[in-house]
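Trainee: I have not looked at this structure before. Please show it, and then I will ask about the words used for it.

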Amino acid sequence: MVLNWIWIAFFSVAFLMAVGKTVFCGDLDVWSAIMNSSFDQAAFAFEISLGLTGVLTLWMGIMKIGERGGVIEFFGRLISPFFSRLFPGIPKGHPAMGAIFMNISANMLGLDNAATPMGLRAMQEMQTLNPKKDTATDAMIMFLVLNSSGLCLIPISIMMYRAQGGAANPTDIFIPILVATAVATLVGLVALCLKQRIRMDGILWAWLGGIMLTVGAITWFFSTLPADKVQVYSTFAANVILFSVIILFIISGIRKRLNVYDTFIEGAKEGFRTAVSIIPYLVAILVAIGMFRASGALDVFTGWVEQGVTALGFDSGWVGALPTMLMKPLSGSGSCAMMLDVMKANGPDAFVSKVAAAVRGSTDTTFYILAVYFGSVGVMKTRYAAGYALLADVVGAVAAVVVSYFFFG
């Protein structure tokens, strides 16, 4: 229901903004900009789905081998003490547990292309337990909020963009991003536990503490490396782990005497069907976002915030990163474009450019995740998923700004 009203609001605000520009400013071109954006975004949504088709086909095939080979079940048992508390509606040993673990692990490594197929697999497994197929379960909502809060230990893509932009030290945002995304994930998870009345016992706190200690250890390790080695080592580690997982799945299939190739093809066909099924959901959300942005509403809101911050006597140096902050829950490519635009206008080593990069990496793309994951299993009633995912977004953005002032201000 929340997503329904947010979607309607995008169109309504865009229309009112266009009317205002026409009546008070005599701007007739805004209507063409909005409609052109709708066509462009519809085509872009299809391009994304087309691009996902190959990735989904590959990784759903790999996941099928891991499932038949027993690796997914093994991972499920491995993290059962933690996940059985976060996902009490999922029986112990259910394949959903292993798929959730694989998805979250891929997200932590910054492997977006691998994380999405694994996440879709997890949603499909959870849907088999769903008594109301059109309504999100508590487990689905917990999973979506964990994805949207986007705990990422190795933000490879952002460091790459900064290197391409000519930053003197492209990896200097590594620790700020790590801290911001850890805070967003912790707040989102605890808030949702309270909402779902999940008992925060000693085991749950021990796991959360372990995750935070891991974040701290990674922060310490990379802070000891030379600046030019951080991106090299983090990329190396992520790709070695990913390829090792593929080999592990194949070995497990051989050990189970599977026809590994045929098993891969079976899973790949499922990936293709999934890619096709998400097109309408992507078109719906991306067109709404595109029209909202083209109307100029985003620019107006940014201007208001800057005036308000200045009037209150606070430093407004971070406000230039606000478009990235606002676009982040709406569109991954849009927020990336905003970040690159800030870097181009101010230079990659400017304070506001570093804030934009930290914000870009603090959380994941909430509405894209909601559209793709819920859409892949036909869930229309998302309940309170959007609200709690946006809570994590806000916390992550605020943490990114605060940490950026601590490191760079």
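Trainee: Why does S376 count as buried?

Mentor: Buried means under 20% relative accessible area, exposed means over 50%, and partly exposed lies in between (1.4 Å probe, protein chains only). S376 has 13% relative accessibility, so S376 counts as buried. This is a predicted model, where local features need pLDDT of at least 70, side-chain atom pairs count only at pLDDT 80 or more, and totals for chains, interfaces and linings use all residues. Residues are numbered from 1 along each chain as its sequence is written, and side-chain values use heavy atoms, with hydrogens and water left out.

Trainee: Which residues does S376 touch, not counting residues up to four places away in sequence?

Mentor: Contact means heavy atoms within 4.5 Å. On that basis S376 touches L120, M123, T274, S277 and I278.

Trainee: Why is A106 called buried?

Mentor: The relative accessible area of A106 is 5%, therefore A106 is buried. A106 and C152 are 46 residues apart in sequence, and their C-alpha atoms are 8.8 Å apart in space.

Trainee: Why is F221 called partly exposed rather than buried?

Mentor: F221 has a relative accessible area of 39%, so F221 is partly exposed.

Trainee: Where does F221 lie?

Mentor: F221 lies in helix 10. Helices are DSSP runs (H or I, at least four residues), numbered from the N terminus.

Technical notes
Helices (H or I, at least four residues) and strands (E, at least two) are DSSP runs, numbered from the N terminus.
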